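Q: Hi, I'm new to this one. Could you walk me through it?

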Amino acid sequence: MARRLNVLVVMADEQSWNTMGCTGNPAARTPELDALAGESTVFDACYTPFPLCCPARTSLWTGLMPRHHGVLGNWRPIEPELRAAGFARSFAGAGYHTHYNGKWHVPGTTPARMGWATSSAIPAVLNGQDRGRYIEEYRAWAAEKGYVFDPKHIENLTAQDIAALAERPYTTSSLPLEDYLETWQCDRFLENLDQRPADTPWLAVCSFNAPHFPMSVPSPYDRLIDRDKVRLPESNATGTAGKPREVRESHFARDFEHLTEQDWVEVTSHYLGLCALVDAQFGRIRRYLEDAGEWDRTVVVFTSDHGDMMGAHRLMEKGHWLHYEEALRVPLIVRHPDGLQSRNANFVSLCDIGPTLCEVAGVPWHEPHDGRSFAAMLGDASAAPIRDHVTAETMLHDGRPGGDGSPFHARDWQWPRDSLNVSVRTAAHRYVFRSHDEAELYDLVADPHEQRNIAPAPEAAAVAARLAGLAADEVADVLPDAAHLIRAPFASTAKGTS
């Protein structure tokens with residue numbers, strides 16, 4: 001009997017959809033991923049359910065929306081009954097060897113508990129927080145080579161790096177490429193693949209930290225991007241004008257309001273340089289699998305947990321308040337060894353990746369999840385969609401993001417103590433409900449850069465009411481009071497049109 005397919009997931013951190021040549025960015029330097037796209041199904045409408053690391057990653061591995069898994073902030077722990085959940089356990093139960101490498105960011109549990117037989121380059125947990133780049137093994141390795149990282153800083157920065165980043169939000173790393181975290185991490189990943197059991201199918205994840213902030217970029221990737229080809233988002237010129245107060249007054253706006261146009265070009269170039277670094281590491285993994293004779297029996301997935309505003313509306317980074325295209329839309333490329341190739345504009349969610357991989361690999365997954373398999377779309381651009389819209393949901397308990405690692409159960413959400421933002425993305429519109437601010441509605445056909453909020457316009461009331469209803473229906477199972485708040489502004493409209 002033929003050996004079952006392997007599954008490889010390579011994941012970036014904070015990489016937006018429009019950061020590759022294959023997604024139309026003229027400045028991108030991503031030859032490896034562009035080549036992968038040419039032999040894969042490229043999903044142009046994949047969205048994260050929460051524009052923040054920990055909630056998004058928990059949704060990917062469990063197939064659950066944030067209100068169901070409990071990671072409602074970067075350091076809110078997963079619901080206790082889900083600590084040993086996720087599709088990796090199903091792969092392990094089906095006889096697969098499972099390996100996880102790199103950034104974890106699922107608070108309250110570990111790769112081992114969630115079904116990963118081996119792991120490498122896993123970050124430390126400091127004061128209840130999984131710290132991403134703070135990988136003790138890497139820091140010890142770097143110290144042996146003579147590098148001195150600031151012991152109070154989690155980002156593996158030297159005093160030289162920290163001083164440079166205090167001047168501007170980008171710099172050239174003081175570490176050479178061969179000693180940079182992504183290079184070291186990829187080395188560890190390939191070493192662990194070398195130790196996989198013979199004649200056993202495997203599920204392996206390589207989860208990079210790049211292109212996540214800080215923009216401390218090793219040479220030559222700091223200068224790799226042609227600045228003349230960088231195109232700032234159209235909304236960079238208009239900034240946060242017309243945006244809700246909580247966006248205008250957020251640190252995502254305040255921290256970068258002093259940047260000049262050239263500064264934006266530079267920080268974007270450094271960001272795209274880190275995307276190129278991830279691309280190069282992916283190329284190393286591909287060549288390893290080709291040399292090992294494994295490439296043509298491996299399903300390959302490339303994606304990210306969320307995007308980065310990177311200058312859109314003069315905002316940067318991601319988070320609870322930023323329900324916009326740049327933060328929510330992520331790359332998704334899926335290669336099947338059978339050579340199924342297409343370009344697909346149907347909506348999919350990060351929650352859908354687990355069910356899809358289980359179906360493709362023939363692995364049963366009996367746990368409840370919110371995801372829907374898109375396996376039928378692989379290689380078939382005409383396949384029926386599995387969703388006519390996607391949603392994202394973000395919550396704050398008492399206005400706090402949960403930095404102390406304390407739990408926050410969605411069922412305990414209360415208004416006005418707690419905050420809830422829910423967005424709905426359809427083919428033509430995005431609607432954003434904000435429990436503590438004004439709603440937003442964008443006509444994405446006439447206004448693809450989300451610059452004109454038409455929610456207050458009387459002529460948009462019917463569309464706003466319909467999309468608010470979708471948002472309310474989405475969260476009503478756990479948040480009935482919030483669903484009522486979402487529908488409340490349209491109650492008279494609904495009565496008048498019934």
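**Cysteines and a sheet**

Q: Where do we start, and how many disulfides are there in the whole structure?
A: With Cys 53, whose 1% relative accessibility makes it buried (under 20% relative accessible area; exposed is over 50%, partly exposed in between, with a 1.4 Å probe and protein chains only). As for disulfides, meaning pairs of cysteine sulfur atoms within 2.5 Å, a search of the whole structure finds zero. Cys 53 has its nearest cysteine sulfur, that of Cys 54, 6.4 Å away.

Q: What kind of model is this?
A: A predicted one, where local features need pLDDT of at least 70 and side-chain atom pairs pLDDT 80 or more, while totals for chains, interfaces and linings use all residues. Residues count from 1 along each chain as its sequence is written, and side-chain values use heavy atoms, without hydrogens and water.

Q: New topic: what is the strand order in the open sheet of four?
A: The order is β16-β17-β18-β19, with antiparallel pairing. Strands here are DSSP E runs of at least two residues, numbered from the N terminus, and two of them pair if DSSP finds at least two bridges between them.

Q: Which strands stand at the edges?
A: β16 (390-396) and β19 (440-443); each has a single partner strand, so one side of each lacks a neighbour in the sheet.

Q: How many bridges join β16 to β17?
A: Seven, linking β16 to residues 419-425 of β17 in antiparallel fashion. Met 395 stands opposite Leu 420 in β17.
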